[in-house]
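Open the model in your viewer and keep the selection tool at hand. We will go from the surface to the inside.

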Amino acid sequence: KRLGKKYELPISIFGLPALIKFKFNSKFNLEYKTLITQEMLKKGYLAANSIYVCTKHNKEVLEGYEKSLDQVFELIADCEHGRSIYELLDGPVCNNDFQRLS
């Protein structure tokens, strides 16, 4: 929520506190979800638009995750201001949750 406000990105947050999800209120929501996964993997995090916290996530891990996610939100804000999301993606856009692949 804080990163959405910081970059003036309208997001919706839903789910359980320990299994929280968010989505961008943008026509590029799936592209942004794909970008998050792509960029966070480059930083050593398996991530998308959901956050699954556990007792092993200490302060150092959470701060590193937030710092990395902040950098991705900055890219998304650039895209909302005119940069092409497609120039940032290294592969295809992900599918929507539970969508048939056939």
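A surface patch here is made of residues with over 30% relative accessible area and no salt bridge, with nonpolar side chains (Val, Leu, Ile, Met, Phe, Trp, Tyr) joined within 5 Å. A salt bridge is a side-chain nitrogen of Lys or Arg within 4 Å of a carboxyl oxygen of Asp or Glu. Areas come from the Shrake-Rupley method with a 1.4 Å probe, and only the protein chains shown count as cover.

This is a predicted model: local features need pLDDT of at least 70, side-chain atom pairs count only at pLDDT 80 or more, and totals for chains, interfaces and linings use all residues. Residues are numbered from 1 along each chain as its sequence is written, and side-chain values use heavy atoms, without hydrogens and water.

**Stop one: the surface.** Select Leu 16, Leu 19 and Tyr 52. They make a nonpolar patch of about 320 Å². Leu 19 sits in strand β2 (strands are DSSP E runs of at least two residues, helices H or I runs of at least four, numbered from the N terminus).

**Stop two: α2.** Select 29-42. Of its 14 residues, 10 are buried (under 20% relative accessible area; exposed is over 50%, partly exposed in between). Among them are Tyr 32, Leu 35 and Ile 36. Their cover includes β2 and α3. After α2 comes Gly 44, with a positive phi near 95 degrees.

**Stop three: Phe 24.** Show its contacts (heavy atoms within 4.5 Å). Beyond its neighbours within four places in sequence, Phe 24 touches residues including Leu 9, Ile 36, Phe 73 and Ile 76.

Methods:
Patch = residues over 30% accessible without salt bridge, like charges linked within 9 Å, V, L, I, M, F, W, Y side chains within 5 Å. Buried < 20%, exposed > 50% of the residue type's maximum accessible area, 1.4 Å probe, protein only.
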